[in-house]
Amino acid sequence: MFRRILKSVREFKTPTIITFICMVVEAGIECVIPFITAELINQLKNPDMHISSVIIKGLELLGMAVISLSAGWIGGRTCAKASAGFAKNLRSDLFAKIQGFSFESVDKFSSASLVTRLTTDVSNAQMSYMMCNRLAIRCPLMFIFSIFMGFFMGGKLALTFVVIIPILTFGLILIAKKAMPAFRSVFRKYDKLNESIEENVRGMRVVKGFSREDYEKNKFANATDAICRDFTKAEKIVALNNPLMVICMNFNMAFVLIVGSKLIIGGGTSLDVGHMSSMLTYGMQILMSLMMLSMIYVILTISMESLRRINEVLEEKSNLTNPENPVYEIADGSVDFEGVRFKYSSEAKKYALDEINLHIPAGATVGVIGGTGSSKSTFVQLIPRLYDVTEGCVRVGGRDVREYDLDTLRQNVSMVLQKNMLFSGTITENLRWGNAEATDDEIAEAAELAQAGEFVKSFREGYDKYIEQGGANVSGGQKQRLCIARALLRKPKILILDDSTSAVDTRTDALIREGFKKYIPSTTKIIIAQRIASVQEADMIIVLDGGRISAVGKHEELLRTSDIYREVYEQQVNGKGDDGDEN
Amino acid sequence: MKTEKNVQNEMPQEKPKGRPGLDFKILARVFRMLVKSAPVMVPVIVACIIFCSICAVMPAVFQQKVIAIIEEALDNGWTWEYSKSLIIPVVLLLISFYVLNIVSQTAYRLMIATVTQGFLAKTRKEMFEKMQNLPISYFDTHKHGDIMSTYTNDIDTLRELVSQAFPQLLTSGMIVVGVFCIMLYYSIWLALIVVAGVLAMLAVSGKLGGGSAKYFIRAQKSMGKTEGFIQEMMNGQKVVKVFTHEKACVQDFDKINDALYEDNYRAHAYANTLGPIIMNIGNLLYVITATVGGVLLLAKVPNPSIQSLLNGVGLGVLTIDIVIPFLNMTKQFTGNVNQLAQQVNTIAMASAGAKRVFELMDTVPEADDGYVTLVNCEIAADGTITETDKHTGHWAWKHPHQADGTVTYTELKGDVRLTDVDFEYVPGKQVLYDVSVYAEPGQKVAFVGATGAGKTTITNLINRFYDIADGKIRYDGINVNKIKKSDLRRSLGIVLQDTNLFTGSVMDNIRYGKLDATDEECIAAAKLAGADDFITRLPGGYNTELSNNGANLSQGQRQLIAIARCAVADPPVMILDEATSSIDTRTEAIVQRGMDKLMEGRTTFVIAHRLSTVRNSDVIMVLDHGHIIERGNHEKLIAEKGTYYRLYTGAFELE
């Protein structure tokens, strides 16, 4: 997992390595400094001290400080660069990966969770990368250096380390082990609490509508109190870190003072007062580095969940891949379904589509009718290979869709999705999604054909009108017509409208269909609709029921033969003016 | 270490709004709240911290004593056995200090955990309670994401503040003061050098800290922008694929992503270099102190110090046993100044966070001057109404009259009348003009019109989510302003287009309408709403757990549960705002029978886009830009051949 995620470091390997080097230098110097201070102190202590020798030592120390400062400065910046860059690459990799996802993968992850992975999770990864970069090398180095220097300088005094290191290590591990599960469970509860707050914020009308304010307050107070209890427990465990540290520090101090003075006064060692005070510094450094190591451990464990979620996206294998020798030419817009069965996941018991056999000639107009859950959308989504069939095959222009280059196929099979969307940008920009090179005339032409020209011209800015995110500032019917225009700009061989005129009035709807007949006669048009009126004149109407083809034929024919079709028709004629499903 | 930690916290917390800075008024308010939440523990903690800080300062004194003894021993050639008797008591005293320190340190750390969490829980509860009492307009005018972030990010900044920054501030502050006192005690000259160094550190950290804050704000803005782009693209992912627009998207994203990287890098670069700079100024200070100390030692310059003043021995000279601990104190001093500098960011973030928390808490809650309440009653044969505690199935409005102290009872029937109602959400932008609607008990009244015509607004006024500007709304003849809001809303059942379900089982969700409903009542309601059929086919039936607003159900199924939730409440008046919009026509036809039965005997307001839903209404109101332009039943409106007729024949498009 780490290896895959770390691949995203790429061009930021150099700053990462520089950071490492700087940290090594900084750690090294930080360990040498007490040594020099000891010398300095001894110089001061020397009865025949010369101020020049004090100054020399001072200058040495100063030099060290300058190097340490430069290393710290450079390391700090390269570390910032490396971690920000790593995050950038990771985000970019994730984004690119998602662009390559099949519909199946998009469904699997859900857009909300993908957003979290790209934002919060990457930020967490960036933070842990920065931590590791600066501390993961530095702390163990400091630890080893300090022990080494301690023994080198302090001799027997360094025995103090033999006592404090195991105590602290053992203590820290114990605390981390106890605290981690406690924290994890708190965080889970915390997430739940936030979910329930969100529910309340979003559903405030329901809460107030039922006068449930007090009920919600009670529920919330209980949840909060539970978290408070657990959190306090968890934090109390971690709070022990500090006294533990202080115990070790104090032991070190007392030990060094007693044993140190004994050794010095007793004579027979090279130990002196200066060394003694440096031993205190080394002890401190050892303790600090242990402490930080335990902190790295905790933070890594917490961000592990984020890393796992990022990795999940990176590892997702698209089962929709381009064939090895793709076909780049599509003969015509004919469509064949041969023994097609389809289910959304291999675990699903029921097939969403079953036993679909059908031939649609090029240039035909086909209507698709069926209730919610009859798999109308699924049926058409197999044509541009948004999903792959589970069994059987779908042919376009006489060839299996899996033989075509994906881009070529989707260029030629243009689809207006039921859950359609415009993006923030001008109308022209949005329409150019259909064809990046389209001229202004072509855009206007497509808009006219989709019956969008009139209302676009009524906007003060015309085609330069800015569409807000999600198309919030145009009406549902206008949005649908712009989406149709966008799809038309592709000049597709097959055009699929998935319930794309539900919010458009019947007259305009008819005009759009008339335009299709007149201007794009050779394009195969597949129209899913709730309104019978939208499909009535089609060359062929397919009635789907529970994922199977219930009937195929022309309007009059189906009125006679298909119960479902007749039922829908009668209901709409009697209860006329039905605006259909509007979502 | 601190640097990393702060930086990590800054990312999600920093908001582009407002300059980061220390707002002492807000911090003082936080502190007051903190003290109030734990009036005993907070002073105890403060006392402990002060005590511990003194303990932390003491070793320097003991070290000086021990070194002095050693020097003396070396000079006079004492044996260890002799010196031992001098040194051991000092060390023992030191150890007893240590023991006290550890005890009080452990105690206060544990107390901080308790106090912090108690404080956070209290704040959260208070926020939530205040929020529940806010008017709907607050939720309509504030982004839900922003409200949420107050609960998550802003509360987190408070946690940092209370559990870390405050104690650290006190500890480091005390240590700095303490060390400084001891320094003065030993040597005023050397202390002055340290003061100069600290001033330099403060200047640098102020400058760098400001720079890092500036870039963190920029980084936060870029992050917001990137997030917006990601959100839009993830939601439109399928459209992107259908139009093979993937490459263009990646290119656009890379541009935004690069800008984010740039700001991110700069912000962290500043923050990361602050630590090394301060620490090395510390090293510099150390060298200067040592050198000056050496010069002073050599030159035997008089050493003014509090010690000498106290002892009255006149100005002594500097000795080595003072210089060595002094050097250690220099380190301690700079270390703590560094700690203080690192806290500044946390405190700035917290004061910004606390500001938003207080903004939420200080928002004026929904006013409720209603005094007419809804009570259970018994109705005698002659029509007299008597109040009772029992659940009788009959309800009455209890109307106390202040003028003469009498109480009258009016039977709850569900007669709703709006007379000449004007309304505006924002001053100057009127949305309803002279709207009059009379709904007699049991009638079905429908509103038809384009988005923004004011249909939903009318229902918002009936249940007083908003208050009218002019005109009158009467419920069973009583002005709705006189009715207690919770009782008014209890008598109205609402089903909205955007269904909101809560985490819990299907059964719990239905029971939300009437908390003491039995399982049988809930199931009966579900049957009435036509939801029973699909619920029983769910894997867990009525016990199926819903989460994330019922994400595992279709929109239509969610609407059916919402209708059942309303049905179980059994309200005399119902408002169905696009309640069946996501149920396909065939299913709706099946559900229709149940719906008709549900509406039987209830006053119902129906808003629907789909005209088949409203056809059998007693009255249909066609709204246009806040005016009622047509009213009458289906046949009448068709005969009039007006807007309704054109809508109905499909010659005119809604929305």
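What follows is a chat about a predicted model with chains A and B.

Colleague: Okay, I'm new to this one. Which domains does chain A have?

Modeller: First off, keep in mind that the model is predicted. The domain assignment gives chain A a domain 1 at 2-315, and a domain 2 made of 335-355 + 363-574.

Colleague: How far apart are the centres of those two?

Modeller: Going by C-alpha centres, domain 1 of chain A and domain 2 of chain A are 56 Å apart.

Colleague: And how is chain B divided?

Modeller: Chain B has domain 1 (2-362), domain 2 (373-411) and domain 3 (416-648). Taken over C-alpha atoms, the centres of domain 2 of chain B and domain 3 of chain B are separated by 27 Å.

Colleague: How many residues does each of those two put into their contact?

Modeller: Five residues come from domain 2 of chain B, and seven residues from domain 3 of chain B. On the domain 2 side, strand E3 (373-379) and strand E5 (395-400) of chain B each supply at least two residues.

Colleague: What kinds of residues are on that domain 2 side?

Modeller: The side of domain 2 of chain B that touches domain 3 of chain B has two nonpolar, three polar and no charged residues.

Colleague: Switching to the chains: how many residues of chain A and chain B are in contact?

Modeller: The count is 132 residues of chain B with 132 residues of chain A. On the chain B side, helix H9 (residues 246-299) gives the most, with 28 residues.

Colleague: How does that chain B side divide by class?

Modeller: The side of chain B that touches chain A divides into 65 nonpolar, 47 polar and 20 charged residues.

Colleague: Back to H9(B). At what angle does H2(A) pack with it?

Modeller: Helix H2 (residues 13-45) of chain A packs with H9(B) at an angle of about 10°, and their axes are 10 Å apart. An angle under 35 degrees counts as roughly parallel, so H2(A) and H9(B) are roughly parallel to each other.

Colleague: Which residues meet there?

Modeller: From H2(A) you have Ile33(A), Leu40(A) and Leu44(A); from H9(B), Asn283(B), Ala290(B), Gly293(B), Gly294(B) and Leu297(B). By class, this contact has five nonpolar, three polar and no charged residues.

Colleague: Last topic, H6(B). How many residues does that helix have, and how far does it reach?

Modeller: Helix H6 (residues 144-186) of chain B has 43 residues and reaches 60 Å from its first C-alpha to its last, close to the 63 Å expected.

Colleague: Where is the kink in H6(B) centred?

Modeller: The kink is centred on Leu161(B), and the angle is about 40°.

Methods:
Residues are numbered from 1 along each chain as its sequence is written. Chains are lettered from A and ligands numbered from 1 in the order in which they are written. This is a predicted model: local features need pLDDT of at least 70, side-chain atom pairs count only at pLDDT 80 or more; totals for chains, interfaces and linings use all residues. Domain bounds come from an automatic or database domain assignment. Helices (H or I, at least four residues) and strands (E, at least two) are DSSP runs, numbered from the N terminus. Ala, Val, Leu, Ile, Met, Phe, Trp, Tyr, Cys and Pro count as nonpolar, Asp, Glu, Lys and Arg as charged, and the others, Gly among them, as polar. The expected span of a helix is 1.5 Å times one less than its number of residues. The bend at a residue is the angle between axes fitted to the seven residues ending there and the seven starting there. Axes are lines fitted to C-alpha atoms, for helices over the stretch in contact, and angles run from 0 to 180 degrees between N-to-C directions. Angles under 35 degrees count as roughly parallel, over 145 as roughly antiparallel, 65 to 115 as roughly perpendicular and the rest as oblique.
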